[in-house]
Amino acid sequence: MKKNNPKRAFTLAEVLVTLAIIGVVAALTVPIVFAKFRQHEYKTAGKKAFSELSAAIQTLNLQYGLPVQNFVDSSDNDKERFYDALENTLNIVKRDTDADGHTILITNDGFAYHIVNTNEYYVDVNSDKSPTKPDTPMAQWRKAEYEDEDDLFNNASWDDVELSDMFFIGFNPQTGTGVVLPYVDNAMTIAFPNAGQQDEQQDTTTTTTP
């Protein structure tokens, strides 16, 4: 007569080893997955912030005759006129000033637009939440690694870039065409590398015309 072999259970040591392995794997993979999710979240918010600001500026141009490129080199009073109109066009819930003296317009979406010029903005899509705050100086903002002269959403290389929640939104000083990039040094020069050359050409043409 055959004896029934009792089913062998896991020992406490085996269970602990298994849990330890699972813990190590989780510790290695969870932060990566979370970072990828957060990066996608920032990219989506950056795109929305760009669309929101672009639509508002287009409205100023079409309805009120205030094209952004006409105010880049204007007087402070003229620029204030543009900023006031922009504030009335966007859904602003709060107006503030950052550590660099730039006006901040905070929308009901939680976007904090730092105004550098009528065609140059930095937007914190996280508003006053970490990792950045509206009153953080620009020099301390976390920077993305920028290699290609292209905007964030048309370049596949950005899928591998670690992003912060701060973005640059700029408009060509000649045409008013907009672009959005992760925050980087000299973002305006990177976004519109030929803008300065166009200015020089115009000056040369004006000078040489009889």
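Reader: Is Thr107 buried or exposed, and why?

Author: A residue is called buried when its relative accessible area is under 20%. In this predicted model, Thr107 counts as buried because its relative accessibility is 2%. Thr107 is found in strand 2, residues 103-107, and, once neighbours within four places in sequence are left aside, Thr107 is in contact with Glu52, Asn91, Ile92, Val93 and Tyr113.

Reader: Which class does Leu12 fall into, and why?

Author: The opposite label needs a value over 50%; Leu12, at 64% relative accessibility, therefore counts as exposed. Leu12 has its place in helix 1, and together with Phe10, Val15, Leu16, Leu19 and Ile22 it makes a nonpolar surface patch of about 660 Å².

Reader: What should I expect of nonpolar side chains in general?

Author: In soluble globular proteins, such side chains tend to be buried together. Here the largest nonpolar core has 27 residues, and those touching the most other members are Leu53, Phe82, Leu86, Tyr121 and Ile169. Two or more residues each are given to this core by helix 1 (12-64), helix 2 (76-89), strand 3 (112-117), strand 4 (120-124) and strand 5 (166-171), with helix 1 supplying the largest share, eight residues. Apart from this core lies another, of 13 residues, which includes Tyr122, Val179, Val184 and Ala187.

Reader: Which residues does Phe82 touch, if those up to four places away in sequence are not counted?

Author: With that exclusion, Phe82 touches Ile57, Leu60, Leu66, Val68, Phe71, Thr118 and Tyr121.

Reader: Where is the confidence lowest, and where is it highest?

Author: The protein averages a pLDDT of 77, and 70% of the residues score at least 70. By element, the lowest confidence belongs to helix 4 (residues 195-208), at a mean of 48, and the highest to strand 3, at 93. Over residues 198-210 the pLDDT stays under 50, and for that stretch the model has four contacts beyond four places in sequence.

How values were computed:
Residues are numbered from 1 along each chain as its sequence is written. This is a predicted model: local features need pLDDT of at least 70, side-chain atom pairs count only at pLDDT 80 or more; totals for chains, interfaces and linings use all residues. Side-chain values use heavy atoms; hydrogens and water are left out. A nonpolar core is a set of buried Ala, Val, Leu, Ile, Met, Phe, Trp, Tyr and Cys residues joined through side-chain atoms within 4.5 Å. Buried means under 20% relative accessible area, exposed over 50%, partly exposed in between (1.4 Å probe, protein chains only). Helices (H or I, at least four residues) and strands (E, at least two) are DSSP runs, numbered from the N terminus. Contact means heavy atoms within 4.5 Å. pLDDT is the predictor's confidence in each residue, from 0 to 100. Patches are made of residues with over 30% relative accessible area and no salt bridge: like charges are joined within 9 Å, nonpolar side chains (Val, Leu, Ile, Met, Phe, Trp, Tyr) within 5 Å. Accessible areas come from the Shrake-Rupley method with a 1.4 Å probe; for residues, only the protein chains shown count as cover. A salt bridge is a side-chain nitrogen of Lys or Arg within 4 Å of a carboxyl oxygen of Asp or Glu.
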